Amino acid sequence: MIDRLGELREQALGELESIDNLSDLEAWRVRHLGRKSALTQVLRGLAGLSLEEKRASGAAANELRSLFEAQLALKQEAVREAEIAQAIETGRIDVTLPGRAPTLGRLHPSTQMLRQISDIFITMGFEVIEGPDVEWEYYCFDALNIPPDHPARDMWDTLWIDFEAEDGRHPMLLRTHTSPMQIRVMESRRPPVRVIVPGMCYRYEATDATHESMFYQIEGFAVDTNITLADLKGTLFEFAKRLFGKERKARFRCDYFPFVEPGVEMAIDCFLCNGSGCQLCSGTGWIEILGAGMVHPDVLRRVGYDPEVYTGFAFGLGVERMLMLKRGIDDIRLFYSNDLRFLRQF
Ligand code: DAH
């Protein structure tokens with residue numbers, strides 16, 4: 001039996017050597033590895049042998065099959081390469097043809113805007129820190145001066161997580177704003193802090209052209225000794241100029257957010273009509289771009305910062321809103337409806 005295998009080996013490998021095309025190679029495969037090949041017959045015949053013979057011949061036959069398969073693969077590769085080389089030589093394949101351009105993806109418009117805004121603050125010395133999308137009620141509301149029965153909770157329509165605490169309450173939620181990171185960062189550091197927090201926010205909204213149930217925000221805050229409203233104004237006015245153009249004017253007006261005092265709403269003069277009034281600015285000449293204020297002393301106290309020593313400012317802005325303003329997009333739902341006709345424009 002072993003002799004027979006030796007003969008098969010010699011014959012097959014001898015034949016293989018002189019083959020130089022794929023169809024002869026296929027015929028060789030059928031002849032030496034196919035169902036009717038001598039080697040397959042040997043493998044089938046093993047069943048009738050004694051246990052000892054089966055062990056010896058079986059191993060040798062299987063080894064031979066592996067050898068044939070490996071040699072076949074090598075030869076296939078070599079024949080293919082030779083054929084390509086020949087095709088190039090005879091001009092059947094023209095290697096000077098321009099290649100096919102791969103389809104390149106791109107960043108989502110929200111991501112592009114997020115990075116552009118972040119870069120502006122990074123050059124001003126802010127550090128980027130991200131936080132969890134799933135948050136505790138404490139960080140999202142209580143620590144920011146929004147206790148359970150405070151009417152301000154109405155401003156943040158919340159998606160609650162189905163998680164029951166030991167006391168039977170449901171304190172886990174999808175963050176409605178990025179402000180909770182003010183607390184997390186201040187709890188873990190001493191001043192000075194100068195941080196921006198980009199991240200996704202979620203609200204239980206009836207969606208329409210200006211409301212979406214998920215969107216990006218960038219929260220920013222700086223706490224140190226001697227920080228005043230003038231620092232806030234300087235920082236944000238500079239930001240607005242860099243994002244919307246040097247000639248932009250900006251204004252602060254009083255607004256209310258529970259975690260700042262005083263709180264402001266910032267607007268820039270409309271870059272479409274230069275302040276004379278148009279559809280984009282609803283005829284007012286001004287466009288609101290963000291909320292901000294001086295960090296409330298109670299918030300500082302809660303994280304162990306002495307409000308007699310430290311002061312700080314905070315602001316929060318909507319990333320999609322900035323891009324909508326800049327590019328005249330009139331429906332926020334376009335951002336997350338995966339319509340390539342929209343996405344390809346960025
Ligand atoms: N968190 C607010 C919101 O989602 C935005 C905001 C307003 C953030 C004023 C601030 C701030 O830090 O000072 O509507």
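Ring pairs join Phe-121, Phe-126, Phe-239, Phe-313 and Phe-315 into a cluster. The model is a predicted one, and a search of the whole structure finds 16 aromatic pairs. A pair of aromatic rings is described by the distance of the centres and the angle of the planes. Two of the pairs are set out below.

| Ring pair | Distance of centres | Angle of planes | Class |
|---|---|---|---|
| Phe-121 and Phe-126 | 5.6 Å | 80° | edge-to-face |
| Phe-141 and Trp-160 | 6.4 Å | 50° | tilted |

Phe-141 counts as buried at 1% relative accessibility, whereas Trp-160, at 41%, counts as partly exposed.

Strand β3 belongs to an open sheet of three strands in the order β2-β4-β3, with antiparallel pairing. Its edge strands, β2 (134-136) and β3 (159-160), each pair on one side only. Two bridges connect β3 with strand β4 (residues 172-174) in the antiparallel sense. Leu-159 stands opposite Leu-174 in β4.

Elsewhere, helix α1 (residues 2-18) packs with helix α4 (residues 51-89) at an angle of about 5°, and their axes are 10 Å apart. The two helices, α1 and α4, are therefore roughly parallel to each other. The residues of this contact comprise 13 nonpolar, two polar and three charged. Among them, Leu-5, Leu-8 and Arg-9 are in α1, and Leu-64, Phe-68 and Lys-75 are in α4.

Definitions and conventions. Residues numbered from 1 in each chain as written. Predicted model: local features only at pLDDT ≥ 70, side-chain atom pairs only at ≥ 80, totals over all residues. Heavy atoms only, no water. Axes fitted to C-alpha atoms, helices over the stretch in contact; angles between N-to-C directions. Helix = DSSP H or I, 4+ residues; strand = E, 2+ residues; numbered from the N terminus. Parallel < 35°, antiparallel > 145°, perpendicular 65-115°, else oblique. Contact = heavy atoms within 4.5 Å. Nonpolar A, V, L, I, M, F, W, Y, C, P; charged D, E, K, R; others polar. Pairing = 2+ DSSP bridges. Phe/Tyr/Trp six-rings, centres within 6.5 Å; stacked < 30°, edge-to-face > 60°. Buried < 20%, exposed > 50% of the residue type's maximum accessible area, 1.4 Å probe, protein only.
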